[in-house]
Every structure is written in C-alpha cells, then in structure tokens.
Amino acid sequence: MSTSQSIKQNRDASNALDWTFDEELGAALLEKAKALRPLLMEKADEAEAQRFMTKEVFDALNEERLFDLLIPRRLGGLGLSATAMSQILAEISKGDPSAAWVLQIVNGTSWICSLSSDAIQETLFANGPIKACGVFAPPGKAKKVDGGYIVNGEWKYSSGSRQSDWAQMGVLRENDDGSWTPGNFVYMKMSELSIKDTWFVTGMQATSSDSVVAKDVFVPEHMMVKLEKPFGHKEDGKVHTGAPADEWPAVTLLRVTSLGLLVGAAEAALEFVCDIAAAKPIPTTVYKTARDSQSFRRELGECSAKIRTARMIMERGTDAIDTAALSRQPVAAKKRSELKAEGALAVELLTQAVDRLMFLAGSSAFNKEQPLQRYWRDLNMGARHIAHHPLVNFELHGSHLLDIDEDIVLGSAY
C-alpha cells in the first residue's frame, strides 16, 4: 500500500471523528497530565542542569501521546481542540514549565506540518505522527539545484530540537536571477542536521532551545513551502485536509495555546505561597505567621484574581478559534488583533502576580531548592517571547480599532 493510500485510509476511517474535536479524549489526557506532576517536579532540577528534558520525562510524555495532541486523526494524531491543548499544557507546567514549553513547540510545529501540501504530508507522516521543531528567523539559504535545493544555515532558539524527528526551518530561496526571496520553509530530517549548544539562559533552561545547523543539506523540491503557496493553501484537488484543525489561524493558535504553560506556572506559584502561609513568619512584625496578616491576605487575593483572569482570557481565546474552526470559518484580522492584545494583557497580569508572590514568599523562595524560583524564572522568560510582546500586540489592536491599514507585523503573524 502506498503512503498516499495509507493516509487516505486513515482519513476515511476517521472522517466522522475528524469533523469535530475529541473532547472526551481531551478530558482523559488532562487527568493524565495532572498525574505526571510529581515526576516532572522530581526531574526538573536534572533537566535544568543538562539543559534538556530527561529521558524519564520524555518517555512518560511520549507514552501518553502528549506530543500528538493537535495532529489530525487522518494522520494518526489525536485531534484535540486548542482549549484542551492549553489546559493540558497548564498542568504539565505545574510540574515543569520547560517541559510544557517543549510540548507546546513540538505540538504546534507538528500541527503546522499538517497544513502543508499533500506531497509534504505524505512524506512527513508516512509512518504516523511526527515530532517537529521549527524556526523562521534568522533564515538560512536554499540554493536551487536539480531536483531541489541545497540548504545552509543556523537557526537559534530551536526549542524541542533534541526531541524532534524533523526541522521546519525558514530560508531565503535563490531566484533564477541570483536574488533571494524571503518567507519560505523547508523540511529536513534532524538526523541530517547538527545541534550547537547556545542555550545558556536564566529561565526555560531545560527547553533545549539550542541552535540547529544545516551544512549542504539536500532538500527535495516538494519539501519546500513556498511564499506563493503558504501553510494552509488548498491547491485544486487537495486530499489531505478537512479537519477543524486545518482551519485554525497558525500564529493565533500557537500564541493562545502557549498562554497555557504561563498560566500553569503562575497557578503553581500561587499554590506554593498558600501552602507556606501557615508556617512562614513575618520577621520584625507582631504576626506569628503570614496568614495572620491582613496585608498578606489582601495581596494574595489580588494575585489569585489576576491569575484567574489570565486563565479566562486564555480560554476565551482558545474557544474563539475552536468555534471558528468547527464552523469552518476564518478568524477575521480584527478579531485576531483583539486576541493578540488580550493575550498580552494576560501575560502582564501573570508576571505582575508572580512577582508579587515572590515578595510574599520572601527571600527564602529564591533558594534553588524551592520550586517557586523556577516558576518565577521560567514564566518571566516565556513571557518575553515575541508572540506576547505588549508593545506590538497593543499597537496592532489599536490600529485595527482606528481602521488604520498599516501592518506592523510580517504577513498575518497575529
């Protein structure tokens, strides 16, 4: 049986299910994610020291198929909703935000692979679900040769590179006249690439966000996503399409689901401070414990409200794109800008809350043995991702409110 026939068989067998999201499975996997928290917390220090996920954690996540969440069932994936994905990420993040980051990147990039042409899907998913990492900037270079391209480049911040089978990398494509065209992606096997250790940072250290290097790697013609036929393009007669996941706006999906791991880290930080309140003294005051202080209780209440509000913003965003996907309707640019701005607000609420929780916990919370300092470092690192940048996100939404037709982001990167 050919690869095309095999994928078609999977698509036909799951057609009725692929019309919607598998919410029952999503609920079951959410409980499994919660059960993994002790293992994740136990291995977090080791993962941070080696700067990538431990084998025990990878095997546990892989066994529960948590890397296959968004891939459509026609390709052997689980076909979950964006809402389920974000909720699962939040629970994984309570154990280790870095592990949740890797899950989000690999799930998101592997899903983007499913938006590609029939030929690319048949190559990538020939043996079932894959794990992919991906970076656009800085782009490599793809020089045209017979049958394809020779690719060279180095892509920084390749989160999940050590867990992936494939790399989806941005390149400049050489034109016939010797000029270069930006905005294209090529697919390369990780076995053809090398990883350069460059990820030495304060937070999210265990995400293996090192640099991926290609040196004279041959990429067949059909394994390039060209600017004129981007992800989600439906050529005449396209076979491998039809699931609601095929309708999500790519950048919006990645941004709103990534809020899940930030929300989870903040919720875990709040739990920690609540747990120590009964025993923590407040030196130089009359209070025997923190819980006796009205000021402490007031601050704790505000932190909780900010974190809950951020979760509501997250779920509003995932529900919006899930609803649109189920109805096979595009999400309008103005709505995407609204979700982008609300996401930036959620991130500001989370960073404010966790910074305040560090004050409430006191200087002892910065001890490397305390999980709170990791939640604080990892959340603040993740919050600085360009997808959540408040200046860009708020400005874009403001432009839409004023009907100013001026794109400040590349393409439809919102």
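Helices (at least four residues) and strands (at least two) are DSSP runs, numbered from the N terminus.

**Figure 1. Overall fold of the predicted model.** The secondary structure of this predicted protein comes to 13 helices and 7 strands. Its C-alpha atoms occupy a box of roughly 80 × 45 × 45 Å along the principal axes. The radius of gyration is 22 Å, in agreement with the value near 22 Å that a compact globule of 414 residues would have.

**Figure 2. The open sheet of 7 strands.** The strand order is S5-S6-S2-S1-S3-S4-S7, and the pairing is mixed. Strand S5 (194–196) and strand S7 form the edges, each pairing on one side only. Helix H7 (residues 97–113) packs on this sheet, where it touches S1, strand S3 (166–174) and strand S4 (180–189). The direction of H7 makes about 45° with that of S1. In general, strands of a sheet pair through backbone hydrogen bonds, in either the parallel or the antiparallel sense.

**Figure 3. The hairpin of strands S1 and S2.** Strand S1 (residues 132–145) pairs with strand S2 (residues 148–158) in the antiparallel sense, over 5 bridges. Lysine 143 stands opposite isoleucine 150 of S2, and lysine 141 has asparagine 152 in S2 as its bridge partner. The hairpin has 2 residues between its strands, and glycine 147 in the turn shows a positive phi of about 85°.

**Figure 4. Pairing of S1 with S3, and of S2 with S6.** S1 and S3 are paired in the parallel sense over 7 bridges. Within this view, alanine 142 stands opposite arginine 173 in S3. S2 and strand S6 (residues 210–220) run antiparallel and are joined by 8 bridges. Here glutamate 154 stands opposite valine 213 in S6.

**Figure 5. Backbone geometry at proline 138 and tyrosine 157.** The peptide bond from alanine 137 to proline 138 is cis, with omega near -5°. Proline 138 is placed in strand S1. Tyrosine 157 has a phi near 60°, a positive value in a residue other than glycine. Tyrosine 157 is located in strand S2.

**Figure 6. Lining of the second largest pocket.** About 250 Å³ of space lies in this second largest pocket. The lining comprises 16 residues, and the closest to the pocket centre are Ser117, Ile120, Met224, Lys226 and Lys229. Helix H8 (118–124) and strand S7 (224–225) each contribute at least two residues to the lining. By class, the lining residues divide into 6 nonpolar, 5 polar and 5 charged.

Definitions and conventions:
Residues are numbered from 1 along each chain as its sequence is written. This is a predicted model: local features need pLDDT of at least 70, side-chain atom pairs count only at pLDDT 80 or more; totals for chains, interfaces and linings use all residues. Side-chain values use heavy atoms; hydrogens and water are left out. On a 1 Å grid over the protein atoms alone, a cavity is a set of points where a 1.4 Å probe fits but cannot get out, and a pocket is an open set with protein on both sides within 12 Å along at least five of seven lines; lining residues have an atom within 4 Å of a point. Grid points are joined across faces, edges and corners, and a volume is the space filled by probe spheres set on the points. Ala, Val, Leu, Ile, Met, Phe, Trp, Tyr, Cys and Pro count as nonpolar, Asp, Glu, Lys and Arg as charged, and the others, Gly among them, as polar. Two strands pair if DSSP finds at least two bridges between them. Contact means heavy atoms within 4.5 Å. Axes are lines fitted to C-alpha atoms, for helices over the stretch in contact, and angles run from 0 to 180 degrees between N-to-C directions. The radius of gyration is taken over C-alpha atoms; the globule rule is 2.2 Å times the number of residues to the power 0.38.
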